[in-house]
Amino acid sequence: VAAAQEAGPTTRMVYVSAADGEGVPVADLTAADFRVQEDGEDREIVRAELATEPMHVAIVVDDNGRGFFQNGIIQLLTGLDGRAEFAVIAVNGSPSWVVDYTTEFGALQDAISEVGRRAGRPGDGQVMEALMDIGQRLQGRGVARPVIVVFTIGGGSTSIRASNVRDQFKASGVLMHVVGTNLAREVAPIYTGRVDDADRQMSIMFDDGVTDTGGRVQEFTVAEGIESAADEIVDELLHQYVISYTL
């Protein structure tokens, strides 16, 4: 469930995803199939329908310069073509905006090429800094359906607290999905002797932080898993509902 947004003086909108027991999106629901509670009270649902509002999708690439997320990015771009503007942010040490939000085909092609195999800086990708920056930029834009998709090999460095990023996302109404391997979500001090704080903050962000936004984490073990995960994200985004309910 994405964060609620004001839709008028007496109503509010929220974007939600619905899936069956196999995780397949359900596309034939009506207002009667949903229930909205706010502040512990049921709210009257005015309208529920498949969302058509354009999305703003920020793609974060954290791969130490290995370039193996290109096919997953292509799956997102082609699957959501005509339904979203895209930005691509490369995390190779500090985050770099390869391209700001655009639908221009040539600019996106160049961005895909730029996040191919390249010189990397192992182990110090600042994903949290990238997420904070995206949240701050989105807050000023006031877009209806902000989405972040993170492709990551895990680890990295940060001085940012996960709680600050989560607050930023709540204010921006972001939905975040993570596709990754070696994610630092379970760091056992009994084996490491201590828990690195950067790992701890990333763990929180890739667990509770993702859940907060209504997104999910998908881990892969082979290259094909990246494309499959991207396809599932596309399918879910194309079948989101927008619900309007009374305040």
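**Aromatic pairs and helix packing**

Author: Phe-151 has a relative accessibility of 0% and therefore counts as buried, a word that means under 20% relative accessible area, with exposed over 50% and partly exposed in between (1.4 Å probe, protein chains only). This is a predicted model, in which local features need pLDDT of at least 70 and side-chain atom pairs count only at pLDDT 80 or more, while totals for chains, interfaces and linings use all residues. Residues are numbered from 1 along each chain as its sequence is written, and side-chain values use heavy atoms, with hydrogens and water left out.

Reader: Why is the pair of Phe-69 and Phe-151 called tilted?

Author: Rings of Phe, Tyr and Trp (its six-membered ring) pair if their centres lie within 6.5 Å; planes under 30 degrees apart count as stacked, over 60 as edge-to-face and the rest as tilted. The centres of Phe-69 and Phe-151 are 5.4 Å apart and their planes stand at 40°, so the pair is tilted. Phe-69 lies in the loop between β6 (55–62) and α1, and Phe-151 in strand β9 (residues 146–152), 82 residues apart. Phe-69 has a relative accessible area of 0%, so Phe-69 is buried.

Reader: What makes the pair of Trp-97 and Tyr-101 edge-to-face?

Author: Their planes are at 65° and their centres 6.1 Å apart, so the pair is edge-to-face. Trp-97, with a relative accessible area of 19%, is buried, and Tyr-101 is buried at 10%.

Reader: Why is α1 described as roughly antiparallel to α2?

Author: Helix α1 (residues 70–79) and helix α2 (residues 105–114) pack at about 160°, with their axes 10 Å apart. That makes α1 roughly antiparallel to α2, since angles over 145 degrees count as roughly antiparallel, under 35 as roughly parallel, 65 to 115 as roughly perpendicular and the rest as oblique. The contact (heavy atoms within 4.5 Å) is made by Gln-70, Ile-73, Ile-74 and Leu-77 of α1 and Leu-108, Ile-112 and Ser-113 of α2.

Reader: How do you know whether α3 is roughly parallel or antiparallel to α4?

Author: Helix α3 (residues 127–141) and helix α4 (residues 162–172) pack at an angle of about 25°, with their axes 9 Å apart. That angle makes α3 roughly parallel to α4. Among the residues that meet are Leu-131 and Met-132 in α3 and Val-165 and Phe-169 in α4.

Terms used
Axes are lines fitted to C-alpha atoms, for helices over the stretch in contact, and angles run from 0 to 180 degrees between N-to-C directions. Helices (H or I, at least four residues) and strands (E, at least two) are DSSP runs, numbered from the N terminus.
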